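Student: I'd like to learn how to read a few features off a protein model. Could you take me through some, starting with charged pairs?

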Amino acid sequence: MDSFGMPAMSYATGVVVDDGSDFGGDSGDDAARLIATAGFVREQDTSVLLSRVLPGLDGPELRALTERCRFAHAAVLVFPADEAALRAELARCGLATDAEAQPSVVVRRRLADRHGLPVADLDVRILRPPVPGPSGEERAVEVFALTVPPGSGLSAIADHERRLDHEAHLAFDVVRPDPLVLRGLLAGFARYGAAADGGGYNPHEDGTVFYFTAPAGTKTAYRRVELYAGGDHRDVLGEHLGERRGGNPDGNADGNADANAVRPLDDVQAAETLLRLLTGAWTTQALAACAQLRLPEAMSRHTGIGTAALAERVGAHPRSLATLLRYLVMLGVVSEGADGFRLTGVGALLDAAAPASMRPLALMYGGPFYESFARLAHAVRTGRPGFEDLYGENHFDHFARDPELAAVFDRSMASSAAMFGPLPAHPVITGAAAAPTSTVTAAPGGPRTVVDVAGGTGELLGLVLTAHPSLHGVLLERPHVLEAARSRLAGTGAGDRCRYVAGDFADVPPGGDVYVLSRVLHDWDDDRCRTILGHCARAMPAHADLLVVERLLPEDGTTPSLATAWDLHMLCNTGGRERSAGHYGRLLRDCGLELVGHTALPLGAHALHARRS
């Protein structure tokens, strides 16, 4: 029998057997527990596993839950002497050794509460080496690692935790989480006997976990179940934890509810959460310093480098650089191993040579936009951009006076090019590419034309023209931007199919087949947006289509969204705003255009399709 009073599970098959062993095998053998957990993860089908975790769940409700969440991982807590020992243990178990480690907020708090220790005394990391599911699904073993140096006073805690396996659990990832979906899932779990058992928000990976104690009749050896929702859902979490505190405090399956209690919204954690939020500026500046010092260019993802050698390469003070590197490790931008520091996948995006490098964004958000955000209160009080209060002019005029800064800004706009990836396959674009030659262009009978209004350096237009050799393009931009655009588009091989027009919004070229406004309207207030859309509507032939690329605010105003953050950015820096689809629809109607529909793009963006009314 295992320590929960249930027969131990044979993880390779998912069959419950009473072999007299402790949960996961020999309690002193972390490798055996890792191997058993990986075997379990490989074998499970989400629908079957849900029906075993929640006895009685079947039929339409089982199908509904299976559509809303998928089995993601099983968790195990191990106790390496250091990170090198952990990586070696993973290798012996046939698990990937390059999984990135992040601080674990929730488990560290649970361990501290359970054993009466200060949170700061515990170094708990979380990493997820991948393990494929039975049909090749992306899954993982979630490894919590509490560092226990040889001879440490933590050895007794390690023995206790191995024996009772408090942190062993199954986890299901919520697909497209929003508050309504989350509340429905939580209610469904409760309906079939699962009891709320804590949870928390991890700011390091921007995810919210909801823990349950499994029902008494559950058919797996795991006694805890996790729902994981990407993003910050602490409002729903508060309801979940309130239900737990209002219930029977001794109702957990292991009879140890008080020892296991986790209170992420109590005064201590609330203060810790607020402190992390208040130090967000430090994160921005650490990333900007990383880019300014060109650390990514001096490091590798595959080979470590010591602090002294790195300091010499980038011209930095070794001890000060070590302090920055430790912070970057906490952020997941670099990792530290026996051979020194190396880049993570996140950090590699700050390399200037990386495809779609985000280094220019780091320089902008840590530079002029960082400084202007100190004027946010002014923007809220007056309705005037903090940028203008700081620099005495709007950001477009300011950048135009500083060619070097303007070049960084233009490159920062290209850093978000990932959102454009699906656009060449948009039906409006593919339809234009497949249509007969245009009869309304400047040269009737000529090719179909895509007009990119204020299209920056041509990142989007280049993607469209490269994907569709039958299309031609027109790029309308300010004169100082067109020079960079010519160079970029020449590099794509599509430059000879593009015409460059210097001007402003009043100069929208007539006669195009598809017009594009990408990340333009959010820079302006409603009146200016109507002016811009009016220029486009007058230039558009009757058959032409308009694609507007913007982030959309949720219609209900409550669903977490990247657009909510950018709305604040627009307020402070441009005087513009993000809008909902309904808001854009009203602006389009005011200008004789009709919103046909909108489709999602990466990075929280949408492509809104409009035509002449």
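Predicted model: local features only at pLDDT ≥ 70, side-chain atom pairs only at ≥ 80, totals over all residues.

Student: Which side chain does Asp-123 meet in a salt bridge?

Tutor: The general idea goes like this: side chains of opposite charge can pair when their charged atoms come close. Here Asp-123 meets Arg-125, at 3.5 Å from N to O.

Student: How many salt bridges does the structure hold?

Tutor: There are 29. One of them joins Asp-30 to Arg-33, with an N to O distance of 3.0 Å. About one helical turn separates these two, because they sit three residues apart in helix α1 (residues 30-43). Asp-30 is buried, with 7% relative accessible area, and Arg-33 is buried too, at 2%.

Student: Which residue forms a salt bridge with Asp-590?

Tutor: That's Arg-530, and the closest N and O atoms are 2.9 Å apart. This pair links distant parts of the chain, since Asp-590 is in helix α27 and Arg-530 in helix α25, 60 residues apart. Arg-530 itself is partly exposed, with 30% relative accessible area. You'll also find a network of salt bridges linking Arg-110, Arg-114, Glu-161, Glu-167, Asp-197 and Arg-224.

Student: Back to helix α27: which of its residues are buried?

Tutor: In α27 (residues 581-590), Ala-581, His-583, Tyr-584, Gly-585, Leu-587 and Leu-588 are. The elements they pack against are α25 (526-539) and the strands β18 (545-551), β19 (593-600) and β20 (605-612). Just past the helix, Gly-592 has a positive phi of about 80 degrees.

Student: Now for nonpolar cores: which residues touch the most other members of the largest one?

Tutor: In soluble globular proteins, nonpolar side chains tend to be buried together. The largest core here has 48 residues, and those touching the most other members are Leu-34, Leu-170, Phe-172, Phe-189, Phe-210 and Leu-227. Apart from that core lies another, of 31 residues, including Leu-350 and Phe-399. Beyond its neighbours within four places in sequence, Leu-227 is in contact with residues including Phe-172, Leu-185, Phe-189 and Phe-210.

Student: And which residues form a nonpolar patch on the surface?

Tutor: Leu-274, Leu-275, Leu-277 and Leu-278 do, with about 430 Å² of accessible area together. Leu-274 lies in helix α10 (residues 267-278) and counts as partly exposed, at 47% relative accessibility.

Notes
Residues numbered from 1 in each chain as written. Heavy atoms only, no water. Core = buried A, V, L, I, M, F, W, Y, C linked by side-chain atoms within 4.5 Å. Buried < 20%, exposed > 50% of the residue type's maximum accessible area, 1.4 Å probe, protein only. Contact = heavy atoms within 4.5 Å. Patch = residues over 30% accessible without salt bridge, like charges linked within 9 Å, V, L, I, M, F, W, Y side chains within 5 Å. Areas by Shrake-Rupley, 256 points an atom, 1.4 Å probe, with all protein chains shown as cover. Salt bridge = Lys/Arg side-chain N within 4 Å of Asp/Glu carboxyl O. Helix = DSSP H or I, 4+ residues; strand = E, 2+ residues; numbered from the N terminus.
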